[in-house]
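Let's take a walk through the open spaces in this fold.

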Amino acid sequence: MKYLLWALVFFMAFLIQTKISLLSVAPNITALLAYYAGIKYGQNKGVIFGLLIGSIEDSLSSPILGPNMLGKGLVGFTSSFFISGGMFVWTPLLGLLGIALLTFIDSSVVFLCLSIFDRPPTNPSTALFIAIMQALLNSVAGMFIKPAHAD
């Protein structure tokens with residue numbers, strides 16, 4: 001039942017991500033899911049969930065397999081390592097900054113991988129704008145996603 005719920009949440013995240021945009025920039029809701037998995041369930045499950053999200057996202061929207069897997073896997077691992085792992089004490093501000101930074105890193109990794117191994121999906125200034133906007137859009141949710149030990 002738990003896996004069915006995750007599949008439904010994952011499907012809804014993809015659906016919302018493709019239908020909503022602000023200034024022609026879609027939010028990166030799948031990075032939020034990887035961040036949530038890393039925060040709530042630890043490094044191993046965060047990485048596995050991030051890789052799963054990234055592989056599905058790559059198979060649906062990318063000409064090559066790997067950029068989103070790397071980006072989302074990094075989000076799942078890093079969120080757990082720095083925020084949930086005890087390196088920092090969680091506060092709403094840390095959650096906001098953490099998801100903003102990790103979303104920016106995810107978008108940057110995807111752009112760089114596509115630019116190196118395929119062809120650039122857009123010019124660098126547009127990619128920077130998109131990465132910053134996605135980070136700002138996701139940062140609000142970071143205040144509400146708490147590690148298990150902060151409840």
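Helix H3 (43–61) gives the second largest pocket the largest share of its lining, six residues. Helices here are DSSP runs of H or I with at least four residues, numbered from the N terminus. A pocket is an open set of points on a 1 Å grid over the protein atoms alone, where a 1.4 Å probe fits and protein lies on both sides within 12 Å along at least five of seven lines; lining residues have an atom within 4 Å of a point. You're looking at a predicted model, where local features need pLDDT of at least 70, side-chain atom pairs count only at pLDDT 80 or more, and totals for linings use all residues. Residues are numbered from 1 along each chain as its sequence is written, and side-chain values use heavy atoms, leaving out hydrogens and water.

So how much space lies in the second largest pocket? About 330 Å³, with volume being the space filled by probe spheres set on the points, which are joined across faces, edges and corners. Among its 13 lining residues, Tyr3, Trp6, Lys45, Phe49 and Leu52 are the closest to the centre. Besides H3, the elements giving two or more residues are H1 and helix H2 (29–41). By class, this lining has eleven nonpolar, no polar and two charged residues (Ala, Val, Leu, Ile, Met, Phe, Trp, Tyr, Cys and Pro count as nonpolar; Asp, Glu, Lys and Arg as charged; the others, Gly among them, as polar).

Glu57, Ser61, Asn68, Val110 and Gln134 are the closest to its centre, out of 26 lining residues. Here H5 provides the largest share, five residues.
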